[in-house]
Amino acid sequence: MSHPPLVEVRDLAVSYRVAGERVKALKQVTFSLAPGETLAIVGESGSGKSTLANALLGLLPGNARVDQGQVWVEGVDVAHASERTWRTLRGRTVGLVPQDPMVSLNPTLRIGRQVAEALVLARGRRYRGVDADVQALLAQVGLDAPALRARQYPHELSGGMRQRVLIAIALAGEPRLIIADEPTSALDVTVQRRILDHLQQLTAERGIALLIITHDLGMACDRADRLLVMKQGEPVELATPRQVLWGAQQPYTRALLNAAPAFVPRRRPRAQPGQPLLRLHNVGKQFALPAPAGTFTALQGLSLSLHAGQTLAIVGESGSGKSTALRIALGLETPSTGHVEYSGVDVSGYSWRQFRPLRRRVQLVQQNPFAALDPRFTVYDSIVEPLVAFGLLKGPALEHKAVELIRRVGLPEQFLDRLPRELSGGQRQRVAIARALALAPEVLLLDEPVSALDVSVQAQILALLDDLQRELKVAYVLVSHDLAVVASMADQVLVLCHGQVVEQGPAAQVLGHPGHPYTQALVAAIPGHSRSVLPVAV
Amino acid sequence: MTVDIPLPPIEAVPATQGRTRHAGRAATPWQRRTRLQRAVQALAPLLRKPGFSLALLVVLFALLAALVPQVLTGFDPYATSPADKLVAPNAVHWFGTDELGRDLYTRVVYGARLSILAALLAVAIALVGGLGLGVLAGFAGGRTDALLMRLVDVLLALPGLLLALAIVTAIGFGTVPVAVAVGVGILPGFARTTRGEVLRIKTLPYVEAARLGGASWVRTLWRHVLPNAWGPVAVLATLDFGAAILATAGLSFLGFGAAPPAAEWGTLIANGRHFLITAPWVSLLPGLFLVAVVFSLNHLARSAEEHAR
Amino acid sequence: MKGYLAGRLAQAVLVLWGAYTLTYFILYLLPGDTLAIMLSASGMEADGLSAQELAQARAFYGLDKGVFEQYFALLWGALQGDLGQSLSLGRPVTALLAERLPQTLALAGTAIGLSLLAGVGLAYLTAYVQWRPLKAALARLPSLGFSVPVFWMGLLLIQVFAFGLGWFPATGSQGTASLVLPAITLAIPSAAVYAQVLQRGFQGVWQEPYIATAFAKGLSRAQVQARHGLRNAALPLLTLVGLQVGNTVSGAVLVETIFSRNGVGRLAQEAVLRQDIPVVLAIVAVSAAAFVVVNLIVDLLYPYLDPRITHTAKVS
């Protein structure tokens, strides 16, 4: 690099004090960042990437300590800098675009005041025309009607709009570096892509360096000039995207690359003709709203049929009606129109009691493995609960069945005694799958089964689901927003948008040659998909 | 009611049983851990905190005094000794003596029986009534919920002590009426907390999972909702046990409690206020003991709550 | 908004009516001979009267009518501002209340102000202090505050500040100086509750990502706490102020008794001792009314403090 580096980190080590012991979060991290450069720091949870971001902002929590090393920002070592020094740097030299836009704005202050606060701090004093500057800034980050937005409160804006406001706040101090901490992971894919494009364009125009913290290797390769891959607090590899994609040096990087489900629709023999296990015919759902609003249509005209051993994926972003579809199929909601059939029998109007015998044939794996298990139940209690509730097994037989189930999902039987809080996310999801399998169902509904998990764990869970399907011939309905996951699992794909089915058909056809503009946008938004350098794509 | 859908081939279940038996032959080294073992594991870190242990000791002392006061003191609580009246605290009379020469420490220890039992009765009334109302409202929802919550609103609108005063006016003075009155006064808080917890837990994914696993509402309530709702309610019960001690003491301080010579803590404090200038310990030391017990209860509740988080 | 207001008002009236009714049935229907209680309250012994005199007395107190007839007669009177006659003092309850209420309002008002000041101040300090031992000690202070019985605290303050230092009068209701000790006594438990809730509020808010956003702008710790922390942490406090009205009234009964102040609280204590049922009913009803009104105001204030809450129908 010809320029002197803007940020230089040398041999940095940070540790936390947890329950009286020091836990190392960062070890020997060394890298530098040139002005205007975009660097991505990639790692899974526990890799120390967020600690690194906080260290660069001087925002490490109270129980953290910089053990050794230096952090040079514009030629000043700030590793042990005072709060006063940091305050001059924050906002004006280093800006932050935080992780979750939904909770990163003060809910009780107007947007305009929050942006103005950053502007006033950067200038050092209040000044006339700050309102005009606020509106100009809001317009620059791509918000319509900036004068209106400035008067609104955060809860009146969508997630994408809030993220734009946060970008405006980061830009307000005209910093030389912006740290974007998982800037879009809480947003829908199509919104993600637009926001990242906009952010990169703004920083490029202004010559601001960008440090992207992410778990998504594909996205990092798309966006960054260089990547720093981290694992458990240690840097694993520092390379350009091209180097990473064409020949990552480190096995861990390669593992991460392979773990990310490649966007390759799977091709399998078509479903055997015959009676479908589950059939939804022209299903719609309306919810009543308070008086003046009338009704809200969550779902309309959904028809699908599922055959044994097949996977049908329902794709959609938040608010698309995919959860409603799932709840209708499970008999938790009654459809307003249309009907649901299991093995040719219409069950649409069934009460819970009437539906109960069906529970042995259709089970659900929930979205969030952290909330899906009763915190007071051991793994054993959770797994056997359906068997106990139906009174199918008891005594030693029950215990043997539990052992069998836990082995089936690839966990050691000693785990039966653990409580959910003693398990990792992936392990919890395995337990949830074991519980769903306890009644030996024919149909398993998977509600975003891997969206809360790290990429490498995702791959393991997807592999497990694939194994189970092959061995037990169980049919899946997969609900997901992640097209890569869908592509790796689905035989049939159904795309939902605002409660309407926009496209439906075999996976290879829908994902390979999307006909509807919305599907095309979804496919284009897959990180890594747009890059020609990607050897693993399509 | 009947479902004419063919169930999965029945051999599915026996088949798994068959497999289970097979697995049974390979003797499993895994054994279930008992609930006791898990409880001990959960409590151990708390007991290692000195503040928690100390608070626990104070509360246990008060409970012991309520059950077997004679173990903790050699004096007779009612034996007067005019020669020793209003003696300041010393090695023999730890808390000094009152205007009739009765040992004050002994009277505090014996007073624990009435005060603690009244508080226990009050909390029991509040707990049973509050849990019942809260679970019913949270589970039934709809009109039942609205109706019960309006009732709780009404109870909340009546200041606790005044409601207690009204009850005491109607059913007379004494320890039991006071306890009943205090119990009714803290009942709405329990009902609200329980309802809130039930409503929160009812929507959690694991409850839905249990329902989808075929568990009935009753089973879900017993196995999932109540055990998980119990934490905050138990904390509130501990806090309110302290509050009930204070409230019963307040009522007996006002003169609505047990008749003399029996003494609750509130009566002792009220009795001492006539000698505030000459012998301040007569009302201040029993009060200090009361503060220690209630503070310890609050500390236990708070530690348990922080530990759960 | 209008619809909400009407609904909320109706609910307030309903709660007030419920409170009045419940108290009435507690006082008049629970075991215990109402006539005997009333006679002894007026200074007569039921045993010494002939059957005819008893019947007369029954008619005089309106006890010869049916339960509901009595109830509606009382309710109708209460709606017109007539709360009946005191049995022991022989005066209209309304007049008694009018005489005593200003004392209690002054006491309760001062106490509520003091408790808010002390509670918010303590919590703000706790959040700002960074030295761990002091922070831990400050965090424990509220639990001590509501472990102390109001009446005992009053005695302690009298002992120290009236008898010991002689700064304030021990008892009485004349002048501002006599208000200081009772108001402090009454304020302590509420202050402890406010401090505890606000401390927790700060603890929670301090973990919120928007605090990190604020720090990243370059704000100092004091600025972040004042501009972004306080308001969000204090939101639950408003509801609590409403709920604490009940506790303040309860405390006033004890405090006025200890400090011999001529307020409604002391009137309540005396009325119960003399089993003066109409007075007790009136005081409970007035307190419930105060509670309902304050909580109504709190609910109406909420949207101004928390923009996320609106009382207009939502369109999603």
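Colleague: Which residue stands opposite L96(A) in β7(A)?

Modeller: I179(A) stands opposite L96(A). Before going on: this is a predicted model, in which local features need pLDDT of at least 70 and side-chain atom pairs count only at pLDDT 80 or more, while totals for chains, interfaces and linings use all residues. Residues are numbered from 1 along each chain as its sequence is written, chains are lettered from A and ligands numbered from 1 in the order in which they are written, and side-chain values use heavy atoms, with hydrogens and water left out.

Colleague: What makes β6(A) and β7(A) a pair?

Modeller: Two strands pair if DSSP finds at least two bridges between them. β6(A) and β7(A), residues 177-181, have 4 bridges, in the parallel sense, so they meet the criterion. Strands (E, at least two residues) and helices (H or I, at least four) are DSSP runs, numbered from the N terminus.

Colleague: Why are β6 and β10 of chain A said to stand at the edges?

Modeller: The open sheet runs in the order β6-β7-β8-β3-β9-β10 (chain A), with mixed pairing. β6 (94-97) and β10 (234-239) of chain A each have a single partner strand, so one side of each is left without a neighbour in the sheet.

Colleague: Why is K285(A) called buried?

Modeller: Buried means under 20% relative accessible area, exposed over 50%, and partly exposed in between (1.4 Å probe, protein chains only). K285(A) is at 9%, so it counts as buried. The residue sits in strand β11 (residues 278-288) of chain A.

Colleague: What makes K285(A) and E333(A) a salt bridge?

Modeller: The term requires a side-chain nitrogen of Lys or Arg within 4 Å of a carboxyl oxygen of Asp or Glu. For K285(A) and E333(A) the N to O distance is 3.8 Å, so the pair qualifies. The two are 48 residues apart, with E333(A) in the loop between α11 (322-329) and β14 (337-342) of chain A.

Colleague: Which residues are joined into one network by salt bridges that share partners?

Modeller: K285(A), R327(A), E333(A) and E208(B) are joined in that way.
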